[in-house]
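Please look over the sequence and the model shown here before reading on.

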Amino acid sequence: MSRPRLTVLAGPTAVGKGTVAAWIREHHPEVWLSVSATTRRPRPGEVDGVHYHFISGEEFADMVRRGEMLEWAVVHGRASYGTPRRPVEEALEQGMLPLLEIDLQGARQVRTSMPEARFVFLEPPSWQELEHRLEGRGTETEEERAVRLETAKVELAARDEFDVVIVNDDIRRAAEELVSWMGSH
Ligand code: 5GP
């Protein structure tokens with residue numbers, strides 16, 4: 001069998017990447033899910049070290065300076081998010097199936113630094129559905145939502161850059177399609 005390759009899951013904002021990733025975390029222990037570092041505050045129910053490593057802006061900048069991020073980006077002009085490089089390399093060395101759930105800017109950086117990775121685009125069933133999900137989340141202000149919507153429009157146009165497109169019509173179905181695709185490619 002060939003060496004496992006890194007899989008990157010990206011897609012427009014609010015498409016449900018995080019929810020699909022959470023489903024995989026719970027149901028597919030054979031998939032190794034990267035834990036990103038972020039400077040944003042934890043939401044209720046989020047656990048440090050499980051959902052994210054919640055760190056300060058200073059700590060984040062230090063990690064970037066030391067070359068410890070595989071990729072990183074400022075998302076929605078608000079907070080920094082990045083993938084710590086070492087755990088990903090270790091997961092690859094140990095033959096695990098690593099999965100990164102990141103934004104489009106980060107996916108493009110991984111394509112440059114790890115061209116052998118595979119890229120999966122998660123798409124909403126329709127634009128209306130995406131708008132609806134963005135409103136339903138209720139964790140952002142009106143202004144933040146407008147910024148996210150604008151970002152989502154640009155991000156939707158990027159689907160052609162990806163190896164495969166998965167429609168998130170149902171979390172469980174989309175997650176299963178992703179895991180089975182990871183196992184067969
Ligand atoms: P949230 O704040 O809702 O958890 O995530 C906001 C956005 O940040 C999502 O689109 C998510 O994919 C992205 N994101 C999470 N972790 C990373 C990361 O390590 N790198 C990059 N580039 N984006 C990330």
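Because the model is predicted, local features need pLDDT of at least 70 and side-chain atom pairs count only at pLDDT 80 or more, while totals for chains, interfaces and linings use all residues. Residues are numbered from 1 along each chain as its sequence is written, and side-chain values use heavy atoms, with hydrogens and water left out.

## The shell around the ligand

There are 15 residues around the ligand, and those that come nearest are Ser36, Arg40, Tyr52, Tyr81 and Glu101; a residue is near a molecule or strand if one of its heavy atoms lies within 4 Å of it. By class, this shell holds 5 nonpolar, 4 polar and 6 charged residues, where Ala, Val, Leu, Ile, Met, Phe, Trp, Tyr, Cys and Pro count as nonpolar, Asp, Glu, Lys and Arg as charged, and the others, Gly among them, as polar. Strands β5 (69-75) and β6 (79-84) each supply at least two residues of the shell.

## Thr83

Buried means under 20% relative accessible area, exposed over 50%, and partly exposed in between (1.4 Å probe, protein chains only). The side chain of Thr83 makes a polar contact with the side chain of Glu71 at 2.5 Å; a polar contact is a pair of N or O atoms within 3.5 Å, and within protein one must be able to donate a hydrogen and the other to accept it, while residues adjacent in sequence count only if both atoms are side-chain atoms.

Leaving aside neighbours within four places in sequence, Thr83 is in contact (heavy atoms within 4.5 Å) with several residues, including Ser34, Ser36, Glu71 and Ile102.

## The chain as a whole

The chain contains 7 helices and 9 strands, which are DSSP runs numbered from the N terminus (helices H or I, at least four residues; strands E, at least two). Buried residues make up 44% of its 185 residues, and the chain exposes about 9700 Å², with carbon and sulfur atoms supplying 51% of that area. Among contacts between residues at least 6 apart in sequence, 67% join residues at least 24 apart.

## Residues in loops

Ala14 lies in the loop between β1 (7-10) and α1 (17-27), where it is buried at a relative accessible area of 15% and has a positive phi of about 65 degrees although it is not a glycine.

Pro115 is found in the loop between α4 (104-113) and β8 (118-123) and counts as exposed at 60% relative accessibility. Glu116, also placed in the loop between α4 and β8, counts as partly exposed at 40%, and its C-alpha is 20 Å from that of Gly67, a residue 49 places away in sequence.

Terms used. Accessible areas come from the Shrake-Rupley method with a 1.4 Å probe; for residues, only the protein chains shown count as cover.
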